[in-house]
Amino acid sequence: MFGSSGFLFRSNKLMYDQQTKSLWHHMRGEPVVGPLADSGIRLAPRPVVTTSWREWVRQHPRTVVLDIDTGYVRDYTPGRPYGAYYASPETMFPVFPRSSRLATKDVVFVLRLDPDRKLYPLEVFDREPVVNDVVGPTSVVVVGQRATRTVRAYERSNLQFRAGAGPDELIAEGTGARWRIEEEALVAVADGRRLPRLAGHLAYWFGWFAFHPDTPVYGR
């Protein structure tokens, strides 16, 4: 199990594991200080999605949610405890290296097909809500909505996709086949064929760039 150490490295959080108390770098998924440092252990990236409660419960109406009234004095009201930090365009502490290609705290979606990676600034999805792309040897489709910061990525085989009639649907170009957007996979409505979800998550531009400055940025 992991906890938050309270330590930062280049303004990125360091977690700790409760078994060995080693510090882990969450952008790299590897231990950097303590008994497990230099052990070669690395956590496999997993798909993560950020979205609004309205959108999530529409798609998953039977979801069980933790109550913010925990009985502890910690305030979990939206915007707490780091609301001022999130609202500021600057970091709390100096960070190097930096890049002016994007604003310091622009939010980007990081597609992680290690060792191949690619960044998608959220502004991309205003003009291109369905992105057909290739990352390394993998053909991918990335579906995003800037307003809710919701981004999911999937393998697309040799297909090209466009937006469907609703927010949970894609259409395959050429055939017109309908595909359902699900958490684990894209699922063909007609025959149940599945295209797997790919690992990815949101990050601040400065945070990712500080450790992976050579990652390609879509549209740049």
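Reader: Which residues lie nearest the centre of the largest pocket?

Author: A pocket is an open set of points on a 1 Å grid over the protein atoms alone, with protein on both sides within 12 Å along at least five of seven lines, and lining residues have an atom within 4 Å of a point. In this structure the largest pocket is lined by 46 residues, and those nearest its centre are Lys13, His26, Tyr86, Leu202 and Tyr204. The model is a predicted one, in which local features need pLDDT of at least 70, side-chain atom pairs count only at pLDDT 80 or more, and totals for chains, interfaces and linings use all residues. Residues are numbered from 1 along each chain as its sequence is written, and side-chain values use heavy atoms, with hydrogens and water left out.

Reader: How much space lies in the largest pocket?

Author: A volume is the space filled by probe spheres set on the grid points, which are joined across faces, edges and corners. For the largest pocket this space is about 1700 Å³.

Reader: Which element supplies the largest share of the lining of the largest pocket?

Author: Helices (H or I, at least four residues) and strands (E, at least two) are DSSP runs, numbered from the N terminus. Strand β1 supplies the largest share, five residues. Among the elements that each supply at least two residues are β1 (2-9), β5 (107-113) and α4 (205-209).

Reader: How is the lining of the largest pocket divided by class?

Author: Ala, Val, Leu, Ile, Met, Phe, Trp, Tyr, Cys and Pro count as nonpolar, Asp, Glu, Lys and Arg as charged, and the others, Gly among them, as polar. The lining has 24 nonpolar, 13 polar and nine charged residues.

Reader: What is the space in the second largest pocket?

Author: The second largest pocket holds about 320 Å³. It is lined by 19 residues, with Val143, Gly144, Gln145, Pro167 and Ile181 closest to its centre. Strand β8 gives the most to this lining, three residues.

Reader: What is the strand order of the open five-stranded sheet?

Author: Two strands pair if DSSP finds at least two bridges between them. The order here is β10-β11-β12-β13-β14, and the pairing is antiparallel. At the edges stand β10 (161-163) and β14 (194-196), each of which pairs on one side only. Within this sheet, β11 (residues 169-172) and β12 (residues 178-181) are joined by three bridges. Ile171 has Arg178 in β12 as its bridge partner.

Reader: How many salt bridges does a search of the whole structure find?

Author: A salt bridge is a side-chain nitrogen of Lys or Arg within 4 Å of a carboxyl oxygen of Asp or Glu. The search finds 13 of them. One of these joins Glu30 and Arg42, at 2.7 Å from N to O. Glu30 belongs to strand β4 (residues 30-33), whereas Arg42 lies in the loop between β4 and α1, twelve residues apart.

Reader: Are Glu30 and Arg42 buried or partly exposed?

Author: Buried means under 20% relative accessible area, exposed over 50%, and partly exposed in between (1.4 Å probe, protein chains only). Glu30 is buried because its relative accessible area is 18%, whereas Arg42, at 47%, is partly exposed.

Reader: Where in the chain are Asp133 and Lys118?

Author: Their closest N and O atoms are 3.0 Å apart, in a salt bridge. Asp133 is in strand β7 (residues 130-135) and Lys118 in strand β6 (residues 116-121), 15 residues apart. Asp133 is buried, at 10%, and Lys118 is buried, at 15%.

Technical notes
On a 1 Å grid over the protein atoms alone, a cavity is a set of points where a 1.4 Å probe fits but cannot get out, and a pocket is an open set with protein on both sides within 12 Å along at least five of seven lines; lining residues have an atom within 4 Å of a point.
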